[in-house]
Amino acid sequence: MHARAMDRLGRTDRRSWLGRLRDAVDALVKSSPSRFAILVFAALILLFTLLFSLPIARAGSGSGAPLHDAFFTAVSVICVTGLATVDMATYWSPFGNALVFIGVNIGGVGVLTLASILGFVISRRLGLRAKLIAASDTNPSRIHVGPVAERQAVRLGEVGGLLATVAITALVIELAIAVAMIPSMLRAGYDWFHSIWYSFYYSAMAFTNTGFSPNPGGMAPFEHDYWMQTLLMIGVFVGSLGFPVIFALARSWRTPRRWSLHVKLTITTTVILFVLGAGMFLLLEYNNPRTYGQLDAGPTVFQSLFMSAMTRSGGFATIDMHDLNGSSLLVSDMLMFIGGGSASTAGGIKVTTLAVLFLAAFAEARGAPAMEAFGRRIPRDMLRLSVSVVLWGATIVAVSSIAILQITKEPFDYVLFDVISAFATCGLSTGLTAELPPAGVYVMGATMFLGRVGTVTFAAALAASQRRQLYRRPEERPIVG
């Protein structure tokens, strides 16, 4: 009898302990979702830094990786960047490569899930009217009848389903791409074991927009394998759209009129940037003997498309970045800085941020009272949020570039390229990152972390901190321009 009472007491204590922990986490998420996001990613980076520092993670050595290399690799993996200070194909042991594979999937899918959680938490903070507008505007089922509470329940009920299907969707996409890659691996001369392992590795790196290569030589064995490069482009393109867009396309790809404004803006802006980027690379590099100058017309067009997709956040390359013309490096900087879609595995300021800025400029040029797109009016607070995100990103890039320039004394265009690649979690490099001293490694690591977590949490913090003001101050216009 006494033993059963003690057992019940122990279970009660455990439940109360778990309950207190759950309440503490819930309070943190509700009070400061941005702080919660930073803590989650910082904890993951610390854990993987410790794991990469273990001797078992390093190949051919009885000692672990230096702290700065372990830290940088952990940040690059969790933030799905793709930059490296070591040769990823030979430096790490099978255990280390397994950490990379697991880490990019945690980092990529974790960002999607975290972004959805942040959006949900923020929506709960908004007023009732804003909630109902969000529900009716983004509800894929477009239920316009029935009670207001029913419409809201439909939308809120979908949140759990969205979060539950993120990992499954990522797994299915990566599996499909990996299976399609196996013939290319076999043609490259790898045995079945390495062909399967490399295929799954490349597939995960493509969908998560990371850009690591598991094989010595990287993309060199696939320089003329257009099937392999096409699969990489598909993986990068789908991953950069963002899970909300993937979810909408999977449910209503035959009825574009039912897509939300976010889906339409993301797809439209992504396609425009993809085509314009390819056109710019074709124009600027077709006569460069170090890149596309020795190729025929067809391969030149294809490689321009490949380069345009990878500079958005993919990180794979069939040429050396330092061989690009200065003008092409600048185009790459702009594409990397923009990045991919919101709540995606891509980085940058996001394509919808750019779309809102251009819509605001067009509305101002026409003298229109509001921003409009696809028959919808965009509230003006979205413009304030977009400007804030761009300024936040530009500040990170500027400060990091100044620090790296001072540390390395390297040419500005190479430094700017690698810094933007770190901020936008792209992974392309001119070779500068691999040669950085420890001080520069930590600066680039901080840049990757701020670029990956900063833009999402900064936008979330701004949106969540909006409050109703019951008075308005006198208006006065400064001189602008």
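Colleague: Why is phenylalanine 222 called buried?

Modeller: The relative accessible area of phenylalanine 222 is 0%, and buried means under 20%, so the label applies to phenylalanine 222. Please bear in mind that this is a predicted model.

Colleague: What makes the rings of tyrosine 202 and phenylalanine 222 an edge-to-face pair?

Modeller: Their centres are 5.9 Å apart, and rings pair if the centres lie within 6.5 Å. Their planes stand at 85 degrees, and an angle over 60 counts as edge-to-face. The pair links distant parts of the chain, 20 residues apart: tyrosine 202 belongs to helix 7, while phenylalanine 222 lies in the loop between helix 7 and helix 8. Tyrosine 202 is also buried, at a relative accessible area of 0%.

Colleague: How many aromatic pairs does the structure hold, and which residues do ring pairs link into a cluster?

Modeller: There are 13 aromatic pairs. A cluster is formed by Phe48, Phe52, Tyr91 and Trp92. Within it, tyrosine 91 and tryptophan 92 have ring centres 4.9 Å apart and planes at 85 degrees; with the limits of 6.5 Å and 60 degrees already used, that pair is therefore edge-to-face. Tyrosine 91 has a relative accessible area of 15% and tryptophan 92 has 2%; with both values under 20%, both residues count as buried.

**Charges and the surface**

Colleague: How do you know that arginine 187 and aspartate 225 form a salt bridge?

Modeller: The N to O value for their side chains is 3.5 Å, and the rule asks for a nitrogen of Lys or Arg within 4 Å of a carboxyl oxygen of Asp or Glu. The count by this rule comes to 1 salt bridge. The two residues are 38 residues apart, with arginine 187 in helix 6 and aspartate 225 in the loop between helix 7 and helix 8.

Colleague: Which of the labels buried or exposed belongs to arginine 187, and which to aspartate 225?

Modeller: Arginine 187 has a relative accessible area of 55%; exposed means over 50%, so arginine 187 is exposed. Aspartate 225, at 13%, counts as buried.

Colleague: Why is phenylalanine 95 called partly exposed?

Modeller: Its relative accessible area is 31%, which falls between the limits of 20% and 50%. Phenylalanine 95 is part of helix 4. Together with Leu50, Leu54 and Ile56, Phe95 makes a nonpolar surface patch of about 350 Å². The protein chain exposes about 23200 Å², of which carbon and sulfur atoms supply 66%.

Colleague: How do you know that the end-to-end distance of helix 11 agrees with its number of residues?

Modeller: At 1.5 Å a residue, its 18 residues should span 26 Å, and the end C-alpha atoms are 24 Å apart, which agrees. Because 13 of the 18 residues are buried, helix 11 is largely enclosed by the rest of the structure. Just after helix 11 comes glycine 315, with a positive phi of about 95 degrees.

Colleague: Why does leucine 428 count as buried, and what does it touch?

Modeller: Its relative accessibility is 2%, under the limit of 20%. Leucine 428 sits in the loop between helix 15 and helix 16. Leaving aside residues up to four places away in sequence, it touches residues including Met310, Thr311, Gly315 and Phe417. Methionine 336 is 92 residues away in sequence, with a C-alpha to C-alpha distance of 9.3 Å from leucine 428.

Colleague: Where are lysine 350 and lysine 409, and what labels do their accessible areas give?

Modeller: Lysine 350 has a positive phi of about 90 degrees although it is not a glycine, and it lies in the loop between helix 12 and helix 13. Its relative accessibility of 8% means that lysine 350 counts as buried. Lysine 409, also not a glycine, has a positive phi of about 60 degrees and lies in the loop between helix 14 and helix 15. Its relative accessible area is 60%, over the 50% limit, so lysine 409 is exposed.

Key
Residues are numbered from 1 along each chain as its sequence is written. This is a predicted model: local features need pLDDT of at least 70, side-chain atom pairs count only at pLDDT 80 or more; totals for chains, interfaces and linings use all residues. Side-chain values use heavy atoms; hydrogens and water are left out. Accessible areas come from the Shrake-Rupley method with a 1.4 Å probe; for residues, only the protein chains shown count as cover. Patches are made of residues with over 30% relative accessible area and no salt bridge: like charges are joined within 9 Å, nonpolar side chains (Val, Leu, Ile, Met, Phe, Trp, Tyr) within 5 Å. Helices (H or I, at least four residues) and strands (E, at least two) are DSSP runs, numbered from the N terminus. Buried means under 20% relative accessible area, exposed over 50%, partly exposed in between (1.4 Å probe, protein chains only). The expected span of a helix is 1.5 Å times one less than its number of residues. Rings of Phe, Tyr and Trp (its six-membered ring) pair if their centres lie within 6.5 Å; planes under 30 degrees apart count as stacked, over 60 as edge-to-face and the rest as tilted. Contact means heavy atoms within 4.5 Å.
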